[in-house]
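Colleague: I would like to learn how to read a few backbone and packing features from a model. Could we begin with the core and then turn to the backbone?

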Amino acid sequence: MQRTFAFALAVIATAPACLIVSDDEQNANETESASGDATSPTTTDDPSADASGDSSSGADETGGAPSDGGFDDPAPDCNTPGECTCEGCPSSEIPTADILAGDATVWTFSGSVMDAAGDGEFYIESADGQTFGGTIPTDESGAFTFTTPLFCGEQLVKCVWSNDAGEYVLVTRVITEDCVEPDIRVSLTWDERGDDFELHLVRPGGQINTEDDCTWTTCVGSGPDWGVQDDPSDDPRKDVDNTGAYGPENIFLAGPEEGTYTVLVEHWSSGDPEAPGTVTFNVGGETTVVSIDALAPQEVWTAGTIEWPSGTVTTSTEIYDCADEWSSGCTAALP
Ligand SMILES: [Ca+2]
Ligand SMILES: [Ca+2]
């Protein structure tokens, strides 16, 4: 469900602003979790993760993420809600420096910025150091919109645009409540070249596009009954099936069963065969990012695995061509 706020006078040319348009509350029930049982996660890198060669170029297309280890803060010296700017820098009008986001798990920012040279960049960091980031698509008039996942509790969202004079940073503090940070959160973003990417989390021993897979058919609104039977608190959930460009799509799981989970990405529809994508793993409080340069339609990218309870994330850039086994999604025996 999308909420639209009355003050979302988003595109008034003379009053540029980084405004909040809506949030998605259908995914809000980050229910009781066994997060206290989580042990410290570790991260390992699959050697094949380097096989794509220039993973950073793909990351740049989707927002400046490194291939692993979280997102870089584009404005580490600007940390107070408000703005950091300079003479001649891009500018916008700030409607608010604080947002109370209730139980939302994603938030859409929309508005316009003046005198920016091209797209902006956003970055979000939770109070405990988890990160996310991406591109802010910004057209020639300065109009922009982007959606970011939210963490549980307090976090800072930085919007950054640049021009020849320097960098303009808008910092917004967002607070969510009535939530429990999931043990496993996986997020997918892509860009305008990808026409409907799809995020999947497959449980230990399971197969893509079955009841053992949390995805658009099984997991939006309510998830399949994983873990303890008839206990919804340990079921996975996907917040939204974004069927256009950019995403994000997010999957949450609290109280995971022991075993190895697999994260996969399908390219649906007829997007560009050179479409890049980025998957962010926030597992047990640690952030791991992996990007891919090119995912063609009807290909499936194995973005990585998550071992629980160790929390070990192993990233991958392995691609499977599923064109011969495609029927409303890949029917191959993946992962
Ligand atoms: Ca999708
Ligand atoms: Ca259950």
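Colleague: Which residues have the most contacts inside the largest nonpolar core?

Modeller: In this predicted model, the largest nonpolar core has 67 residues, and those with the most contacts inside it are Val186, Leu201, Ile251, Leu264, Val265 and Val279. This core draws at least three residues from each of domain 1 (2–26 + 79–176) and domain 2 (35–70 + 179–325).

Colleague: Which residues does Ile251 touch?

Modeller: Leaving out residues up to four places away in sequence, Ile251 touches Val186, Leu199, Leu201, Cys214, Cys219, Pro236 and Lys238.

Colleague: What should I keep in mind about phi and peptide bonds in general?

Modeller: Most residues other than glycine have a negative phi, and most peptide bonds are trans. Here, a cis peptide bond joins Trp308 and Pro309, with omega about 20°, and Pro309 is found in the loop between β20 (299–308) and β21 (312–321). A cis peptide bond also joins Leu334 and Pro335, with omega about 15°, and Pro335 lies in the segment after β21.

Colleague: Where is Asp196, and is this residue buried or partly exposed?

Modeller: Asp196, which is not a glycine, has a positive phi of about 70°, and its place is in the loop between β12 (184–190) and β13 (197–202). Asp196 counts as partly exposed because 19 other C-beta atoms lie within 10 Å, whereas a buried residue needs 20 or more.

Colleague: What is phi of Gln298 near?

Modeller: Phi of Gln298 is near 65°, a positive value in a residue other than glycine, and Gln298 sits in the loop between β19 (286–292) and β20. Gln298 is buried, because 20 other C-beta atoms lie within 10 Å.

Notes:
Residues are numbered from 1 along each chain as its sequence is written. Chains are lettered from A and ligands numbered from 1 in the order in which they are written. This is a predicted model: local features need pLDDT of at least 70, side-chain atom pairs count only at pLDDT 80 or more; totals for chains, interfaces and linings use all residues. A nonpolar core is a set of buried Ala, Val, Leu, Ile, Met, Phe, Trp, Tyr and Cys residues joined through C-beta atoms within 7 Å. A residue is buried if 20 or more other C-beta atoms lie within 10 Å of its own, exposed if 12 or fewer, and partly exposed in between; C-beta atoms are placed from the backbone. Domain bounds come from an automatic or database domain assignment. Two residues are in contact if their C-beta atoms, placed from the backbone, lie within 7 Å. Helices (H or I, at least four residues) and strands (E, at least two) are DSSP runs, numbered from the N terminus.
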